Amino acid sequence: MDFIRTTVVLYVLLISTTTTSKAFDPCDSQTDGSDLSVIPFFGKCSPFDPLKPVPWANTVMNMAGNDPQRLMYLAQKVTSVPIASGQTVLNIGNYVVRAKMGTPGQLMFMVLDISNDAVWLPCSGCLGCSGTTSFKPNVSSTYRSLGCATPQCTQFVPGVSCLSGGSVTCTYNQSYGGDSSFSSTLVLDSLRLATDVIQNFAFGCINSVSGGSVPPQGLLGLGRGPTSLISQSGSLYSGIFSYCLPSLKSYYFTGSLRLGPSGQPVNIRTTPLLHNPHRPSLYYVNLTGVSIGRVNVPIAPELFSFNPSTGAGTVIDSGTVITRFLPLAYVAIRDELRKQMGVGVPFSTLGAFDTCFADTGEVVPPVITFRFEGLDMRLPLENSLIHSSSGNLACLSMAAMPNNVNSVMNVIANLQQQNHRIVFDVANSRVGIARELCN
């Protein structure tokens, strides 16, 4: 049986480039029926791109500065899906996806997130919404609201109370990003991704917002829970998707997000997906060790061990910028790297990075390898180092979990995933990782 393949194009920043008036513009939406664009939130092709260009290194450091909020969300222990009333979800939007909702389709730039199940959009008349674009239910012929007692409402909003004389619609409140909250109504409409159409797609239609952290054009979750795109698409994508993120320092480089089995790598090493019933949306994997050069860093096994009761273990995440380890594990990795670079190399700190050095070319840092059950992920230097905007300072692009985050997990972040194909096969509980140039 042939499955639909949707290839998603990612566009990311470069510091310097030269163009001509006749150059191909990858920001143009392609119309060949197979491409869906995914764009960094602050990228050149994003409607949220700042008016004044910022050097890519500064952009990454600013984004990494928001990691603690994201990590606090990932570290939370919850027992129901993230769309539930009163739960806190992340406020970091590293990538947005062009999607169309309704009939005819209304174009929205929604934040894409693999660690979230929530799907919602700001709707017309929304009080406090920051964006100028909102979904207009009244012009969609396929839109319909859901009653409070419907199966979808009780499934998507656990614990909802339908009181007599109260609202007949399925409404809920949700906190977001620590400083924001919104009121939403669960509704159904047609979601369009390139030529794919998912009928009766359930999502939250935001009516009011308090605070400034809610993404201006909504959220599209690719988590493992029942409300996510992967779950609601059913047999269309068969619980399989992959992405390849291009380097952040490349201006018009493109990567891809492939939805469904078609076109996925055939010969790719995989590692098991682990299930945490308290955080069912997250993609847990079994990280067994880290190597620096030829040295297996001595790290206590319990710092990597998966424990669903406590949430301990390692997750792969698209929204965290730099990989974070538990403090004791990170110190061991950092100290081995420093040791192999030599005692004569002075190190300094810069923002979230505590191992920075003058990049003179005289000392080549050793290769870092993440060792998972069943596969090794060998990081090129572009995935383990970040250079300052001036180019004369390089920093190890990893860090320890912040002190204010009560976390027992390690997080493999998007900077380390760039130029790798990451295949999520939810149906068969496995993740594949292979080196791939994303342009």
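Q: What should helix α5 span at 1.5 Å a residue, and how far apart are its end C-alpha atoms?
A: Keep in mind that this is a predicted model. Helix α5 covers residues 327–341, and at 1.5 Å a residue its 15 residues should span 21 Å. The end C-alpha atoms are 21 Å apart, which agrees.

Q: Which residues of α5 are buried?
A: Start with the general idea. An α-helix has 3.6 residues a turn, so residues three or four places apart point the same way. In α5 the buried residues are Ala329, Tyr330, Ile333, Arg334, Glu336, Leu337 and Met341. Seen down the axis of α5, these buried residues fall within an arc of 160 degrees, so they line one face of the helix.

Q: Which exposed residues does the face of α5 turned away from its buried side carry?
A: That face carries Leu328 and Lys339, both exposed.

Q: Which strands do the buried residues of α5 pack against?
A: They pack against β16 (287–292), β17 (295–296), β19 (323–325), β21 (353–358), β25 (393–396) and β26 (398–400).

Q: How do the strands β17, β16, β22 and β23 go together?
A: These four strands form an open sheet in the order β17-β16-β22-β23, with antiparallel pairing. The edge strands are β17 and β23 (375–379), and each of them pairs on one side only. Helix α5 packs on the sheet, where it touches β16 and β17, and its direction makes about 20 degrees with that of β16.

Q: How many bridges join each pair of strands in this sheet?
A: Take the pairs in turn. β16 and β17 pair over two bridges, and Ile292 has Val295 in β17 as its bridge partner. Five bridges join β16 to β22, with Leu287 opposite Phe372 in β22. β22 and β23 also pair over five bridges, and here Thr369 stands opposite Arg378 in β23.

Q: Which residues have the most contacts inside the largest nonpolar core?
A: That core has 74 residues, and those with the most contacts inside it are Leu191, Phe241, Tyr243, Phe325, Phe370, Phe372 and Phe424. The largest share of this core, five residues, comes from α5. Apart from it lies another core, of 20 residues, among them Val96, Phe156, Leu186 and Leu219.

Q: What is Phe370 in contact with, leaving aside its neighbours within four places in sequence?
A: Its contacts include Leu287, Gly289 and Val290, as well as Thr323 and Phe325. Met398, Ile412 and Gln416 are also among the residues that Phe370 contacts.

Q: Where does the backbone have a positive phi or a cis peptide bond?
A: First, the general rule. Most residues other than glycine have a negative phi, and most peptide bonds are trans. Gly374 takes a positive phi near 95 degrees in the hairpin of β22 and β23, which has two residues between the strands.

Asn200 is not a glycine, yet has a positive phi of about 55 degrees; this residue is in strand β10 (residues 196–210). Ser429 is another residue other than glycine with a positive phi, near 55 degrees, and its place is in the loop between β28 (420–425) and β29 (430–435). As for the peptide bond, a cis one joins Thr103 and Pro104, with omega about -5 degrees. Pro104 lies in the loop between β4 (95–101) and β5 (106–113).

Q: Is Ile322 buried or exposed, and how does one tell?
A: The number to look at is relative accessible area, and under 20% means buried. Ile322 has a value of 0%, so this residue is buried. Its place is in the loop between β18 (313–316) and β19.

Q: What about Arg192, and which residues does Arg192 touch?
A: Arg192 lies in strand β9 (residues 180–193) and counts as partly exposed, at 24% relative accessibility. Not counting residues up to four places away in sequence, Arg192 touches Ala99, Lys100, Gly102, Thr103, Gly105 and Val197. The C-alpha atoms of Arg192 and Ala99 are separated by 6.1 Å, although these residues are 93 residues apart along the chain.

Methods:
Residues numbered from 1 in each chain as written. Predicted model: local features only at pLDDT ≥ 70, side-chain atom pairs only at ≥ 80, totals over all residues. Heavy atoms only, no water. Expected span 1.5 Å × (residues − 1). Buried < 20%, exposed > 50% of the residue type's maximum accessible area, 1.4 Å probe, protein only. Arc of directions from axis to C-beta. Contact = heavy atoms within 4.5 Å. Core = buried A, V, L, I, M, F, W, Y, C linked by side-chain atoms within 4.5 Å. Pairing = 2+ DSSP bridges. Axes fitted to C-alpha atoms, helices over the stretch in contact; angles between N-to-C directions.
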